[in-house]
Amino acid sequence: MHGVLAVDQPDLFYARQQMAFSLGAHIILACVGMSVPFLVVLAEWKGQRTGDLVYATLARRWAKAMGVLFAVGAVSGTILSFEFGILWPRWMGRFGDVMGLPFAIEGFAFFLEAIFIGIYLYGWDRLPPRVHLWAGVPIGIAGVASAFFVVAANGWMNDPTGFTIDPSGNVARVSPWGAMFNSALWPEAIHMILAAFIVGGCLVAMPYGWAMLRGRRTRYERVGLLLPLTVAMIAAPLQLLAGDWAARHVARHQPAKLAAMEGLYETTKGAPYHLGGIYVDNEVKGGVPIPDLLSILAFHDPNAVVTGLAAVPPGDRPPVNVVRTAFQLMVAIGTAMLGLGLWMLLAWRKRRTIPRSRWFPRVVVVAGPASVVALECGWITTEVGRQPWIVWQVMRVRDAVTDAPNIRFGYYLLLAVYAVMAVFTMIVLRRLMRVPLPDELGERA
Amino acid sequence: MTLADACAAVMFVAIAVYALLAGADFGAGFWDLVAGGAERGRAPRALIEESIAPVWEANHVWLIFVLVTLWTAFPTAFAPIMSTLYIPLTLAAIGIILRGSAFAFRKASETLPLRRLFGVTFAFSSVLTPFMLGAVVGGIASGRVPAGEQTGDVLGSWLNLTSVLGGVMAVVVCAFLAAVYLTADAERRDRPEMVRAFRRRAIGSALVAGVVALAGVAVLNHDAPDLFHGLTHRGAPLIVLAAGAGVATLVLLGRSEYALARLSAALAVVAVLFGWAAGQYPYMLEPGLRISDAAGAHATLVAILVVLGAGAVVLVPALVWLFVLMQRGTLAGEG
Ligand code: HDD
Ligand code: HEM
Ligand code: HEM
């Protein structure tokens with residue numbers, strides 16, 4: 001009874017859009033949920049140790065925003081759990097027991113996160129300061145753990161292990177631990193967690209860059225900018241290494257995805273990498289070729305053979321330009337982040353402060369959204385690059401989708417709800433930012 | 001007891017805890033909705049906000065826990081439930097989104113118009129979500145979700161008498177639990193006026209729940225004979241227990257024994273849920289799918305139970321700490 005039947009689902013496109021859209025929204029909040037608790041605890045710790053009101057104030061203000069974003073993040077994650085079943089019941093019905101274990105473990109991480117965020121936010125000034133500080137630590141740890149486990153499930157979709165398909169087409173010999181510790185897990189999870197620190201750091205620093213552009217350059221803005229941005233900039237060079245690791249993993253396990261990331265048609269020895277350009281008629285037009293670079297990136301060997309899209313049946317090729325553009329943008333932004341980090345490092349070594357240039361706060365303001373773009377692009381690379389498979393070379397997306405009618409209306413409804421929610425999240429965050437600072441921090445209105 | 005039964009039992013415990021904790025949070029939203037204008041409603045709304053703010057997110061996680069256990073341990077039940085009942089489930093999910101974010105937004109807002117908008121959204125979605133989840137339970141319990149890969153009737157599975165009964169019952173029970181808990185909370189916080197107000201609501205909603213339950217007898221007899229048979233046979237002792245605990249709650253409320261009333265109210269709700277489970281056993285989806293058929297691979301069931309055991313070691317102390325701090329009134333910081 002487990003044979004895979006083709007599904008007649010005219011709304012397949014909407015199902016994919018809905019999944020992509022709700023994941024794309026969730027991941028921003030998830031990154032905040034992983035990194036911002038650490039930033040808040042760091043600021044609170046500095047404040048407690050030095051008695052410095054600037055740090056104490058920053059910690060409190062960030063914590064308020066974190067509380068709001070955590071709530072939105074939690075409910076946006078809940079939707080995803082529903083959607084797994086609502087949109088892809090055949091995938092879940094067939095493989096739920098293979099790939100479900102990490103989600104069950106993740107559930108405990110969610111519990112801890114939610115429990116400690118309640119204690120941390122509402123125990124301020126009520127718990128002894130040390131206890132309060134320590135109550136903040138599990139929030140971030142649990143956030144990172146939940147990312148680890150959910151990426152384990154995603155890694156399994158890219159590198160499905162821990163089961164076999166028996167001759168009658170049924171799933172057999174299930175090993176949930178084997179599925180969880182698939183080979184894609186480590187590079188993906190580490191790349192993801194680093195991304196969270198880049199995104200969280202850049203987003204938290206952004207409003208202080210903005211304030212500086214408007215002429216407010218007190219120590220409060222400097223610290224508010226420097227602490228989160230430093231965290232992000234420590235992660236940035238590591239991210240390059242993790243990205244390289246991820247790329248080499250893709251090269252070995254998902255050659256079609258790698259070929260789409262570059263737009264490589266023919267299998268090539270010493271394959272080039274094109275900067276920019278667009279893929280038409282089986283080649284990249286208008287890009288700047290760099291000889292051998294793709295082989296170097298993918299296999300650390302200029303003479304390595306890289307499989308091209310021609311090796312894959314036309315129906316099983318991912319949409320090249322989407323994947324390729326997303327990948328290029330991610331790498332460009334990642335490289336630019338490295339530049340920003342170097343700039344900060346030089347300024348710090350010279351004058352123990354942030355760069356003096358007018359351009360610096362501008363760059364910081366751009367870095368926030370840019371980090372989010374890199375994040376989304378990375379996921380587009382991974383997810384669209386996996387197409388047409390929901391489980392790499394095991395199950396196609398069109399065989400996984402529900403056969404329920406009219407699912408596009410759910411998508412429309414969700415779009416409307418998310419649009420309204422995004423607007424109000426912004427309004428509430430702006431209001432939180434405008435709450436006046438304590439008097440001791442200066443005479444600002 | 002087989003491994004599959006053990007997993008189903010754990011899942012059912014999680015459903016019951018979700019109903020008791022998150023159910024009360026939803027019920028609090030119901031009382032927020034009917035608390036009256038800005039002036040009259042200020043005191044009850046303040047009590048509601050203080051009582052649920054630090055805990056609702058942790059309470060909500062029980063639902064996630066139920067979902068992931070269902071799809072990991074019983075994938076072939078998860079799939080048809082989610083696809084056949086996708087409409088009420090989507091509406092419940094949207095209610096969850098609106099409730100959570102509106103509540104957080106309200107806490108972070110100062111101005112009256114915004115607070116009002118978020119407040120209404122919070123309160124309205126607090127009714128929508130339990131109604132839809134109750135309707136889902138009604139659809140499952142009345143055997144309207146066919147097992148297998150073909151999606152069932154996406155309308156009839158939840159637009160039927162049993163589902164309406166489930167939805168209404170869920171809303172009423174949430175309101176009842178919330179009112180009982182809030183009475184006890186108000187007493188602990190020394191707000192006699194709120195004690196009286198919520199005690200009245202608790203008694204009122206208990207009576208409504210009783211009436212709905214009696215109507216339910218007729219509805220189920222007519223609309224879901226298998227379920228009715230289960231509830232009146234194997235589930236009967238639990239249903240009797242539930243009725244007894246409900247009456248006891250009324251008596252305890254009358255005698256101002258609020259801490260005990262809280263326990264007996266919880267007992268009543270748990271007994272109904274387990275009565276349903278007992279009545280339906282050994283089926284996951286009547287009439288075609290037994291718990292043992294729906295269960296996933298043996299190795300996975302073992303893994304889940306191991307994970308649950310290990311996770312409980314971490315979870316229980318943290319949960320206990322949260323509730324102790326809550327009961328002591330420590331978690332009343334600014335938030
Ligand atoms: C701040 C965000 C960010 C930045 C700056 C980068 N990435 Fe990234 N990348 C992600 C955020 C991200 C991600 C979190 O969105 C993804 C999606 C899936 C994953 O594991 O990480 C990702 C995926 C991803 C993949 C696909 C992995 C797969 O399909 O399994 C590759 C090959 C790279 N990245 C490579 C890079 C390289 C070479 C970078 C050089 C600078 C880089 N990334 C910067
Ligand atoms: C949170 C960051 C993520 C983002 C932004 C993201 C993005 C996307 C996108 C763009 C698609 C659509 C692909 C297409 O149809 O062309 C998609 C599909 C999907 N993703 Fe992800 N994804 C993320 C993480 C995950 C994770 C962690 C999982 C599972 C554990 C997952 C499961 C799925 C599923 C089941 C689909 C639908 C089937 C498919 O189209 O392949 N995603 N995602
Ligand atoms: C790589 C992609 C993902 C990452 C890194 C991630 C990470 C996180 C984090 C850190 C949180 C904490 C809440 C917050 O910060 O606001 C969270 C919440 C949540 N996520 Fe995700 N998530 C991802 C994808 C998914 C997917 C695919 C699902 C479901 C199928 C999911 C389900 C949930 C749920 C249910 C919550 C709410 C937990 C609660 O109530 O506290 N997430 N996620």
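# Close-up views of a two-chain predicted model with its ligands

**Figure 1. The interface of chain B and chain A.** In this predicted model, chain B and chain A together bury about 6200 Å², and 78% of that area lies on carbon and sulfur atoms. On the side of chain B, the residues that lose the most area to chain A are Trp71(B), Ile97(B) and Glu149(B), which together make up 12% of what that side buries. The contact draws 70 residues from chain A and 69 residues from chain B.

**Figure 2. The salt bridge and the elements of chain B at the interface.** The count of salt bridges between chain B and chain A is 1, and in it the side chain of Glu149(B) meets that of Arg90(A) at 3.6 Å, taken from N to O. Glu149(B) is also one of the residues of chain B that lose the most area to chain A. Across the same interface of chain B and chain A there are 12 residue pairs in polar contact. At least two residues of the side of chain B that touches chain A are supplied by each of helix 3, helix 4 (75-84), helix 5 (86-108), helix 6 (112-141) and helix 13 (298-327) of chain B. When the residues of that side of chain B are divided by class, 47 are nonpolar, 18 are polar and 4 are charged.

**Figure 3. The iron atom of ligand 3 and its donor from the protein.** The iron atom of ligand 3 has a single protein donor, the NE2 atom of His26(A), at 2.1 Å, and His26(A) has its place in helix 1 of chain A. A polar side-chain atom of His26(A) is also found 3.0 Å from a nitrogen atom of ligand 3. The backbone of Phe70(A) takes part as well, with an N or O atom that lies 3.2 Å from an oxygen atom of ligand 3.

**Figure 4. The shell around ligand 3, with residues from chains A and B.** The site of ligand 3 is shared between chains, because the residues that surround this ligand come from both chain A and chain B. There are 28 residues around ligand 3, and those that come nearest are His26(A), Gly33(A), Phe70(A), Gly73(A) and Glu113(A). Helix 2 of chain A provides the largest share of the shell around ligand 3, with 9 residues. By class, the residues around ligand 3 are 18 nonpolar, 9 polar and 1 charged.

**Figure 5. Ligand 2 and the side chains that come nearest.** Around ligand 2 there are 23 residues, of which Arg16(A), Leu23(A), Glu383(A), Arg386(A) and Gln387(A) come nearest. An N or O atom in the side chain of Arg16(A) is 2.6 Å from an oxygen atom of ligand 2, while for Arg386(A) the distance from such a side-chain atom to an oxygen atom of ligand 2 is 2.9 Å, and for Gln387(A) it is 2.9 Å. Two or more residues of the shell come from each of helix 1 (12-50), helix 5 (129-158), helix 12 (359-385) and strand 9 (389-391) of chain A, and helix 1 of chain A gives the largest share, 6 residues. The shell around ligand 2 consists of 16 nonpolar, 3 polar and 4 charged residues.

**Figure 6. Ligand 1 and its surroundings in chain A.** Of the 23 residues that surround ligand 1, the closest are His191(A), Leu240(A), Lys257(A), Met330(A) and Leu375(A). A polar side-chain atom of His191(A) is placed 2.8 Å from a nitrogen atom of ligand 1, whereas a polar side-chain atom of Thr382(A) is 3.2 Å from an oxygen atom of the ligand. Trp379(A) contributes a polar backbone atom, 3.3 Å from an oxygen atom of ligand 1. Helix 7 (185-213), helix 8 (219-253), helix 9 (255-262), helix 11 (320-351) and helix 12 of chain A are elements that each give the shell at least two residues.

**Figure 7. Backbone details in loops of both chains.** Gln387(A) and Pro388(A) are joined by a cis peptide bond with omega of about 0 degrees, and Pro388(A) lies in the loop between helix 12 and strand 9 of chain A. In chain B, the peptide bond from Tyr281(B) to Pro282(B) is likewise cis, with omega near 0 degrees.

Definitions and conventions: Residues are numbered from 1 along each chain as its sequence is written. Chains are lettered from A and ligands numbered from 1 in the order in which they are written. This is a predicted model: local features need pLDDT of at least 70, side-chain atom pairs count only at pLDDT 80 or more; totals for chains, interfaces and linings use all residues. Side-chain values use heavy atoms; hydrogens and water are left out. A residue is near a molecule or strand if one of its heavy atoms lies within 4 Å of it. A polar contact is a pair of N or O atoms within 3.5 Å; within protein, one must be able to donate a hydrogen and the other to accept it, and residues adjacent in sequence count only if both atoms are side-chain atoms. Helices (H or I, at least four residues) and strands (E, at least two) are DSSP runs, numbered from the N terminus. Ala, Val, Leu, Ile, Met, Phe, Trp, Tyr, Cys and Pro count as nonpolar, Asp, Glu, Lys and Arg as charged, and the others, Gly among them, as polar. Donors are N, O and S atoms within 2.8 Å of the metal (3.2 Å for Na, K and Ca); water is not among the atoms, so sites may look incomplete. Contact means heavy atoms within 4.5 Å. Buried area is the accessible area (1.4 Å probe) that two parts lose on being put together, summed over both. A salt bridge is a side-chain nitrogen of Lys or Arg within 4 Å of a carboxyl oxygen of Asp or Glu.
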